[in-house]
Amino acid sequence: MPYCNFKRNNSLQWTPLALKIIENSDEPLKILDTYKYSFAPRSWSGSLAAEMEKRLPLIDELKEHQDKSVANWAIKQQLVLEDAIRQEREKELNEERRRNERFE
């Protein structure tokens with residue numbers, strides 16, 4: 001896993017090794033494309049959208065990267081992830097509405 005859960009504030013952070021691999025790679029975008037598959041939560045409780053949102057700071061951190069290709073990748077991936085979060089929130093709201101309608 002290229003990131004870990006920082007216990008103090010329950011946020012996700014890149015591992016030093018993951019950042020070092022990005023820095024030293026001749027093809028950092030291939031590395032990042034591999035890492036992004038780990039952004040999809042495999043298990044969670046509660047809102048999937050909220051769990052997905054926890055990954056945004058990882059991408060945000062890379063938007064200031066010295067390698068412009070990495071920074072551009074992060075800008076693009078942030079938009080993709082934000083769109084997926086919006087879609088998941090809509091889905092969750094619709095499911096909640098359906099559940100509430102059944103109890104009325």
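Let me start with a term: a residue is called buried when its relative accessible area is under 20%, exposed when that area is over 50%, and partly exposed in between, using a 1.4 Å probe and protein chains only. Lys30, for example, is exposed because its relative accessible area is 54%.

Now a word on what is on the screen. This is a predicted model, in which local features need pLDDT of at least 70 and side-chain atom pairs count only at pLDDT 80 or more, while totals for chains, interfaces and linings use all residues. Residues are numbered from 1 along each chain as its sequence is written, and side-chain values use heavy atoms, with hydrogens and water left out.

Let's begin with the whole chain. You can find five helices and two strands in it; these are DSSP runs numbered from the N terminus, with at least four residues of H or I for a helix and at least two of E for a strand. Starting at the N terminus, the order is β-β-α-α-α-α-α.

Of the 104 residues, 32% count as buried.

Next, contacts, meaning heavy atoms within 4.5 Å. Take the contacts between residues at least 6 apart in sequence: 53% of them join residues at least 24 apart.

Leu58 sits in helix H4, residues 56–62, and it is buried because its relative accessible area is 0%. Which residues does Leu58 contact, leaving aside neighbours within four places in sequence? They are Tyr3, Leu12, Gln13, Trp14 and Phe39. Trp14 is 44 residues away from Leu58 in sequence, yet their C-alpha atoms are 6.6 Å apart in space.

Gln78 belongs to helix H5, residues 68–102. Is Gln78 buried or exposed? Gln78 counts as buried, because its relative accessibility is 15%. Not counting residues up to four places away in sequence, Gln78 touches Leu56, Ile59, Asp60 and Lys63.

Finally, salt bridges. Here a salt bridge is a side-chain nitrogen of Lys or Arg within 4 Å of a carboxyl oxygen of Asp or Glu, and by this rule there are seven.

Glu27 counts as partly exposed because its relative accessibility is 43%.

Another salt bridge joins Glu51 and Lys54, at 3.8 Å, N to O. Glu51 is buried, with a relative accessible area of 18%, whereas Lys54 counts as partly exposed at 25%. Glu51 and Lys54 are also linked with Arg55 in a network of salt bridges.

The last pair is in helix H5, where Arg86 and Asp83 lie three residues apart, about one turn of the helix. Arg86 forms a salt bridge with Asp83, and the closest N and O atoms are 3.9 Å apart. Both partners count as partly exposed, Arg86 at 49% relative accessibility and Asp83 with a relative accessible area of 34%.
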